[in-house]
Amino acid sequence: MTDKKIQNVVIAGGGTAGWMAAAALTKLLGKTISVTLVESDEIPTVGVGEATIPTLHIFHRMLGINEAEVMAATNATFKLGISFENWRDVNKDYIHSFGFLGQDCWACGFHHFWLKGLQKGLVGDIGDYCPEHLASREGKFAVMANQDLNHAYHLDAGLYAKFLRNIAEQHGCQRVEGKIQDVVLNSDNGYIEKLHLANGKTVEGDLYLDCTGFRGLLIEQALHSGYDDWSHYLPCDSAIAVQTKSTERPVPYTRSIARDAGWQWRIPLQNRTGNGLVFCSKYMSDEEAKQTLLDNIDGELLNEPRVIKYKTGARRTHWKKNCIAVGLASGFIEPLESTGIHLFQKAIVRLMQLFPHHGIQQSDVDEYNAQTREEANNIRDFIILHYHLTDRRDTPFWRYCANMDIPESLQHRMKLFKESGRNFKKQDDLFGESSWVQVMLGQGLMPEQYHPIVDMMGDKELEAFLNKIKNGVRKKVDSWPDHNDFIQHYCRAANT
């Protein structure tokens with residue numbers, strides 16, 4: 001490796017990933033390094049990652065970003081979960097909410113108590129025991145003192161990048177306009193030495209972040225890190241995105257509606273609605289997909305639908321030599337559970353934790369790559385779960401998904417849950433027990449038994465326990481205002 005001190009960081013590419021990295025590095029490490037971001041106005045960003053998950057609070061706290069301010073600047077609404085429609089089967093829907101289910105005990109999760117209650121006829125929807133789940137269904141939301149931050153956002157990704165750019169430039173980030181034409185490598189060690197731009201400029205650094213999107217201009221085209229293709233597990237390879245005028249008050253959840261060869265998203269912002277269709281080109285043409293999307297949206301079109309092609313998977317090496325891939329250059333897991341911006345954030349935080357101030361060491365590189373790989377694999381399994389665990393057999397696409405081979409790691413989790421109701425959060429697992437339980441139950445996987453510790457409660461005690469939680473959830477949600485009314489009071493955007 002190299003003992004050269006890292007002083008100059010070059011970020012290749014802007015967009016959400018590039019400006020997130022620039023804002024974090026300049027504000028949190030800016031006294032020890034200089035940061036330059038290279039981007040071209042000629043190259044559009046993908047720009048459809050408009051839904052987030054609650055981990056974004058960590059990033060905002062690190063940077064001292066005020067929630068109401070960033071929401072107003074990005075036309076944001078609140079998100080308490082995702083409504084999965086037609087996934088288990090046509091006309092069978094469920095919600096994956098961000099909150100925690102009921103009350104766990106030391107030996108097992110709350111769902112074991114709920115399972116016995118179900119057998120005894122004491123319970124209904126498991127979401128009745130989670131405030132975020134109930135609030136999603138009733139269109140309510142509030143930010144309260146000492147509240148768990150179990151909410152996320154729907155936001156305008158372009159405006160979010162602009163918001164972060166302002167932070168980065170205030171803290172010393174230098175933006176260089178230009179299209180990267182050539183990546184120059186050191187002939188001795190293969191490290192990136194400099195970037196040649198089409199306008200004749202040259203940019204040099206000690207450490208490079210590749211935020212060039214699917215192209216992977218540095219990490220792949222120059223350094224050939226390799227790519228693990230996951231399309232046999234996640235067969236969708238295309239998306240169409242379009243924006244429409246709002247026709248209804250925004251709901252506090254993302255809609256994910258399964259279609260014949262993929263699924264449609266609907267993301268409500270304050271000033272418009274983001275729409276899209278993720279689909280598999282093997283089972284649906286671009287024109288068929290476009291028509292399917294246009295037939296299932298409301299409101300006047302604000303732009304022309306555009307097709308985005310991709311391949312699900314991950315780089316075999318995310319940090320190679322003196323280059324680290326961040327964002328879509330690192331890999332792509334489709335947006336079904338809104339993990340994109342989280343993975344951008346996690347890569348940036350992981351880099352700062354392992355930042356090679358005194359030179360790049362192989363142990364740091366190995367640790368970074370191992371953590372990144374493990375987290376990506378766990379998210380991959382969670383996404384595959386939605387497709388594979390289904391009763392749908394009505395189209396060739398869904399028959400393929402139901403019958404396809406899945407990773408052994410996911411086979412084990414499904415078998416464990418089916419046989420005993422057990423589910424354990426792994427160390428680098430983004431999604432916790434409540435998330436896995438909600439999706440497995442929602443997709444129709446019902447455990448054959450519950451944990452025997454539940455039988456320590458008599459039937460009356462169990463009923464009282466369940467009712468106390470349910471009534472507490474109901475009381476809390478009843479005290480919350482309407483979601484849209486709260487937005488108007490708390491974070492109304494200037495253009496609405």
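Trainee: Which element supplies the largest share of the lining of the second largest pocket?

Mentor: Happy to! That is α8, which gives five residues to the lining of the second largest pocket. Before we go on, please keep in mind that this is a predicted model, where local features need pLDDT of at least 70 and side-chain atom pairs count only at pLDDT 80 or more, while totals for chains, interfaces and linings use all residues. Residues are numbered from 1 along each chain as its sequence is written, and side-chain values use heavy atoms, leaving out hydrogens and water.

Back to the pocket (on a 1 Å grid, an open set of points with protein on both sides within 12 Å along at least five of seven lines; lining residues have an atom within 4 Å of a point). The volume of the second largest pocket is about 730 Å³, meaning the space filled by probe spheres set on the points. Its lining consists of 36 residues, and Pro54, Thr55, Phe100, Leu430 and Gly432 lie nearest its centre. At least two lining residues each come from α2 (56-63), β5 (92-97), α4, α8 (340-353) and α12 (433-442); these elements are DSSP runs, helices (H or I) of at least four residues and strands (E) of at least two.

Let's follow α4 from there. Phe113 in helix α4 (residues 110-119) pairs with Phe465 in helix α13 (residues 459-478), linking distant parts of the chain, 352 residues apart. The two rings are tilted, 5.2 Å centre to centre with 55 degrees between the planes. Ring pairs need centres within 6.5 Å, and planes under 30 degrees apart are stacked, over 60 edge-to-face and the rest tilted. Phe113 is buried at a relative accessible area of 6%, and Phe465 is buried at 16% (buried is under 20%, exposed over 50%, with a 1.4 Å probe).

Tyr387 sits in helix α9 (residues 362-388) and Trp398 in helix α10 (residues 396-403), 11 residues apart. Tyr387 is buried with a relative accessible area of 0%, and Trp398 is buried with 0% as well. Both belong to one aromatic cluster together with Phe84, Trp87, Tyr94, Tyr283 and Phe397. A search of the whole structure gives 24 aromatic pairs.

Some rings carry a charge over the face (CZ of Arg or NZ of Lys within 6 Å of the ring centre and within 35 degrees of the normal). Arg413 lies over Trp436, 3.7 Å from the ring centre, and Arg380 lies over Trp230 at 5.2 Å.

The whole structure holds one cavity of 30 Å³ or more, a cavity being a set of grid points where a 1.4 Å probe fits but cannot get out. The largest cavity has a volume of about 160 Å³. Its lining has 15 residues, with Thr247, Glu248, Arg266, Pro268 and Thr273 closest to its centre. Two or more lining residues come from each of β15 and β16.

Strands β15 (262-268) and β16 (273-279) are also among the elements that cover the buried residues of α7, through contact (heavy atoms within 4.5 Å). In helix α7 (residues 286-295), Ala289, Thr292 and Leu293 are buried. They span an arc of only 95 degrees around the axis, so they share one side of α7; the arc is taken from the directions from the helix axis to the C-beta atoms. Exposed Glu287 and Asp295 are on the face of α7 turned away from that buried side.

Terms used: Phe/Tyr/Trp six-rings, centres within 6.5 Å; stacked < 30°, edge-to-face > 60°.
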